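This report describes the sheets, a helix pair and the ligand surroundings of one model. The sequence and structure come first.

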Amino acid sequence: MIELTRVTKRYGDKAVVDDLSLTVARGAFFVLVGPSGSGKSTTLKMINRLVGIDAGAIAVDGRNVRDMPAEALRRGMGYVIQSIGLFPHWTVADNIATVPRLLRWPEARVRARVAELIALLQLDAAEVARKYPHELSGGQQQRIGVARALAADPGIVLMDEPFGALDPITRDALQGEIARIHAATEKTIVFVTHDMDEALRLGTEIAILDQGRLVQCGSPADILRSPANDFVRTFVGGAD
Ligand code: ADP
Ligand code: MG
């Protein structure tokens, strides 16, 4: 569903993503994991064309992203980042409805979809209708960010350290929710984290990056059973 072929991105003379090839299968929970600065966010942003590439190619559903209008490409992909970026002067419900309204869905359909997402994410319907983002906890805001990304039912959801700023208990709850949503909706998720525990818990497929290069790609079991090198061994060893 998403194919990166020998992708390189340079800033100055440094290749921050270096000759990276990856295949993300439809329905995968694909985790890109690596230390800070290893090129994870840049990789995600190349997939939705927030960042251009210097060499190689990226295809989504068999089409080169370079040949797709960026707006259309992004509407087919939800995107959740750590600093949620909800619109502060809109109610939570209006935040969730952002993309469906951009797509000019009839208002009745928008409302029905918001109601579905309230159920899917176990949100409080009265709160969603009435409250503004700053009136919610960080965990609730992040849940709204996930609901907003899912609103127009994109086939692909890109998530960049979405739970990184949360306390451990809230993070654990949201990890459980995103796993449940993945199982229920069969979406293709590309999830970025620097946390190997999180990668092993959530991923059906894990790609480990170090300094812009792919070190190993496989199922959690593959990686635990046969780490490709000392870097992976140490990285996995740090997880419990
Ligand atoms: P990660 O998400 O794994 O922490 P990033 O993809 O954000 O890593 O960054 C990879 C490297 O690229 C880092 O060294 C970072 O400083 C550099 N980098 C990222 N974005 C830019 C930019 N816009 N300009 C210059 N350097 C950048
Ligand atoms: Mg990052």
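In what order do the strands of the open sheet of four strands lie, and is their pairing parallel or antiparallel? The order is 2-1-4-5, and the pairing is antiparallel. This and everything below refers to a predicted model.

At the edges of this sheet lie strand 2 (14–24) and strand 5 (63–64), each of which pairs on one side only. Strand 1 (residues 2–11) is joined to strand 4 (residues 55–60) by five bridges, in the antiparallel sense. Within that pair, Thr 8 has Ala 55 in strand 4 as its bridge partner.

A second open sheet has six strands in the order 6-7-8-3-9-10, and its pairing is mixed. Its edge strands, each pairing on one side only, are strand 6 (77–81) and strand 10 (213–218). From one strand to the next, the twist averages 15°. Strands of a sheet pair through backbone hydrogen bonds, and the pairing can be parallel or antiparallel.

| Strand pair | Sense | Bridges | One bridge pair |
|---|---|---|---|
| Strand 1 and strand 4 | antiparallel | five | Thr 8 and Ala 55 |
| Strand 3 and strand 8 | parallel | five | Val 31 and Phe 191 |
| Strand 9 and strand 10 | antiparallel | five | Ala 207 and Cys 217 |

Which residues surround ligand 1? They are Tyr 11, Val 16, Gly 34, Ser 36, Gly 37, Ser 38, Gly 39, Lys 40, Ser 41 and Thr 42. By class, the shell divides into two nonpolar, seven polar and one charged.

Two further helices pack against each other. Helix 7 (residues 138–150) and helix 8 (residues 168–185) have their axes 10 Å apart and meet at an angle of about 20°. Angles under 35 degrees count as roughly parallel, so helix 7 is roughly parallel to helix 8. Their crossing is right-handed. On the side of helix 7 the contact is made by Gly 139, Gln 142, Arg 143 and Val 146, and on the side of helix 8 by Thr 170, Leu 174 and Ile 178. The residues of this contact are three nonpolar, three polar and one charged.

Technical notes
Residues are numbered from 1 along each chain as its sequence is written. Chains are lettered from A and ligands numbered from 1 in the order in which they are written. This is a predicted model: local features need pLDDT of at least 70, side-chain atom pairs count only at pLDDT 80 or more; totals for chains, interfaces and linings use all residues. Axes are lines fitted to C-alpha atoms, for helices over the stretch in contact, and angles run from 0 to 180 degrees between N-to-C directions. Helices (H or I, at least four residues) and strands (E, at least two) are DSSP runs, numbered from the N terminus. Angles under 35 degrees count as roughly parallel, over 145 as roughly antiparallel, 65 to 115 as roughly perpendicular and the rest as oblique. A crossing is left-handed if the near helix is turned anticlockwise from the far one by less than a right angle, and right-handed if clockwise. Two residues are in contact if their C-beta atoms, placed from the backbone, lie within 7 Å. Ala, Val, Leu, Ile, Met, Phe, Trp, Tyr, Cys and Pro count as nonpolar, Asp, Glu, Lys and Arg as charged, and the others, Gly among them, as polar. Two strands pair if DSSP finds at least two bridges between them. A residue is near a molecule or strand if its C-beta atom, placed from the backbone, lies within 6 Å of it.
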